[in-house]
Amino acid sequence: MLLKPGKWARLSALAMVCVSLGVTAFAAQVTPPDVATTSADHEVSVSPAVLAGYVGFYRFGPYSVMTVKLDGSQLSMQLTGQGFFPIYPSSTNGFFAKVANVHLNFVLDAQGQPTAMAFSQNGKHINAPRIDAAAAQGIVNALQARVRAQQPYPDSEQVLKIVLSPSSDSPRLSPPLAQARRNQKAAIDAFAAKLGPVTSQAFIGVTPQGWDKYLVRHENGTEEVLFVLDSDGTIVGALRRP
């Protein structure tokens, strides 16, 4: 299911990537992948032995893991909360999806072992470090516990103020998120001006992806505000939508 937000949601979404096979949003440190090995969608043959080396887990955010598996000679991947979908090699370490505008590279060390996945979709880039099974399960467990508890972050209201602020200079913002806010400043300012001053706010709950969610009322309308923090309290993802 493709996520199709409205005009203002598209303009004000901050540092998020939405995989076309689902609506899970995730955010992480952003670095452009190697365009030379991700731009071509021509499928090439790669041995199952090489493909097997890419199997494993890659951290996409505080509560998101990309799982890569191999069935015969077909490599597939799955983001937390979504289904598996196949990916196809364009080089020995570059892959693409046929059902969405997704390209990725496995970043290799000197021994040819993958250390990260450089993921790209629709101009958004994620550098996801490889993690072991125990770390991946820990992320899943943390997400499940947070969703069950339905409790906001301890300083959730302070984070909300930062997300609603027109400034992108807060030290709580991750560098990619701060840059995204600067890049979208005109659209964000126009969105805020249209809604007018805040009159009230209410915590709604924790989303299935582990994001705090608020309903914020303004003089001229309402909006939903969502955000997610990394383990050190850094704001790594935020979304404002009507």
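User: Before we start, when do two strands count as paired here?

Analyst: Two strands pair if DSSP finds at least two bridges between them. Keep in mind that this is a predicted model.

User: Which residue in β7 does Tyr-88 stand opposite?

Analyst: That's Phe-96.

User: What do the strands around there build?

Analyst: A barrel: 8 strands close up in the order β3-β4-β5-β6-β7-β8-β9-β10, with antiparallel pairing. From one strand to the next, the twist averages 30 degrees.

User: And how many helices and strands does the chain have?

Analyst: 6 helices and 14 strands.

User: Switching to packing. Which residues touch the most other members in the largest nonpolar core?

Analyst: Leu-160, Val-225, Phe-227 and Ile-235, out of 23 residues in that core. The elements giving two or more residues to this core are α4 (156-164), α5 (175-183), β12 (212-218), β13 (221-229) and β14 (235-241).

User: What is Val-225 in contact with, leaving aside neighbours within four places in sequence?

Analyst: Its contacts include Leu-160, Val-163 and Leu-164, plus Tyr-214, Val-216 and Leu-239. Asp-212, Lys-213 and Arg-240 are in contact with Val-225 too.

User: What about the second core?

Analyst: That one is separate and has 22 residues, among them Val-68, Leu-79, Ala-100 and Ala-128.

Conventions: Residues are numbered from 1 along each chain as its sequence is written. This is a predicted model: local features need pLDDT of at least 70, side-chain atom pairs count only at pLDDT 80 or more; totals for chains, interfaces and linings use all residues. Side-chain values use heavy atoms; hydrogens and water are left out. A nonpolar core is a set of buried Ala, Val, Leu, Ile, Met, Phe, Trp, Tyr and Cys residues joined through side-chain atoms within 4.5 Å. Buried means under 20% relative accessible area, exposed over 50%, partly exposed in between (1.4 Å probe, protein chains only). Helices (H or I, at least four residues) and strands (E, at least two) are DSSP runs, numbered from the N terminus. Contact means heavy atoms within 4.5 Å. Axes are lines fitted to C-alpha atoms, for helices over the stretch in contact, and angles run from 0 to 180 degrees between N-to-C directions.
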